[in-house]
Amino acid sequence: MTLLDERPTTARRAMIDSQLRVSGVNDPAVLAAFDKVAREDHVPAALAGSAYIDRALALGDGHNLPAPLVQGRMLVEAAIQPGEKVLVVSTNGYLAALAGVLGASVTTLAPADVAGKKKAGLFDVVLIDGAAEALPASLAGMVSDDGRVVTGVIERGISRLATGRKAADAIALLPLADMGIPAIPEFAAAKGWSF
C-alpha cells in the first residue's frame, strides 16, 4: 500500500475524530457507518481530495453534499433501526449508503421526484439531504403513521436541523440546531408579493 492509498482512510478517521465525535455525533453504529462508507466515492473526481473537509461540496445544478457533521447529526436524530424502511431524498448516494450500513431498507428519490409527487410507498424514516424552505405536500403521503422525518429547514434565511413526525396526515417539524445546511432548489418556497 502506498501513501496515496492511505490518504482517504486517514482523512476519514480524521473526519470522525475531529468533526463528528467532538460535535456530539457519538453513536457507535453511526460512527461505524461513516468509517465504512468512502465519501470520496460520492463526489465528482475533481472534489475527491476535498471529500472529508468540514463544509458542503457543490455537486452542480444547485445541489450540494452537506458537510459530514450535518449528515452525522441527521443519522443520530433519525435513530434508524435495522429493517426500517428509509427514504433518502437526495441527488447523491452518500447519505443513502450510510443509512444502508445501519441496516435500513433504503429507497432514494431525487428532490424533483418528490416535488413532482412521485409515489414510492410508505417509510418509517425520511431523511432529506439538505434544507427546505417548504416541504412538498406530497411528502406526508410517503411517511407511515408516526413516521420520523429529519431534514434541514430554512426560516428567514437561517438553516436549521429539524426533526418531526407524521400525525393527522401532516408533518410537524421541530427545529433543533442552527447549522449550515445547503438549500435544496426544488424545495424553495413559492415567491409571493412583498415590498
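At what angle do the axes of helix H3 (residues 68–78) and helix H4 (residues 94–101) cross, and within what distance do they come? In this predicted model, the two axes cross at roughly 40 degrees and come within 11 Å. H3 is therefore oblique to H4. The crossing of H3 past H4 is right-handed. Two packed helices are described in general by the angle between their axes together with the distance between those axes. On the side of H3, the contact involves Gln 71, Met 74 and Leu 75, which meet Tyr 94, Leu 95 and Leu 98 of H4. Of the residues in this contact, 5 are nonpolar and 1 is polar, with no charged residue.

Apart from neighbours within four places in sequence, Ser 138 is in contact with Val 114 and Lys 117. A polar atom of the Ser 138 side chain lies 2.8 Å from the backbone oxygen of Val 114.

When residues up to four places away in sequence are not counted, Pro 185 touches Asp 61, Gly 62 and His 63. The C-alpha atom of Pro 185 is separated by 9.0 Å from that of Ala 131, although the two residues are 54 residues apart along the chain.

Note on methods
Residues numbered from 1 in each chain as written. Predicted model: local features only at pLDDT ≥ 70, side-chain atom pairs only at ≥ 80, totals over all residues. Heavy atoms only, no water. Polar contact = N/O pair within 3.5 Å; in protein donor to acceptor, adjacent residues only side chain to side chain. Contact = heavy atoms within 4.5 Å. Axes fitted to C-alpha atoms, helices over the stretch in contact; angles between N-to-C directions. Helix = DSSP H or I, 4+ residues; strand = E, 2+ residues; numbered from the N terminus. Parallel < 35°, antiparallel > 145°, perpendicular 65-115°, else oblique. Left-handed = near helix turned anticlockwise from the far one by under 90°. Nonpolar A, V, L, I, M, F, W, Y, C, P; charged D, E, K, R; others polar.
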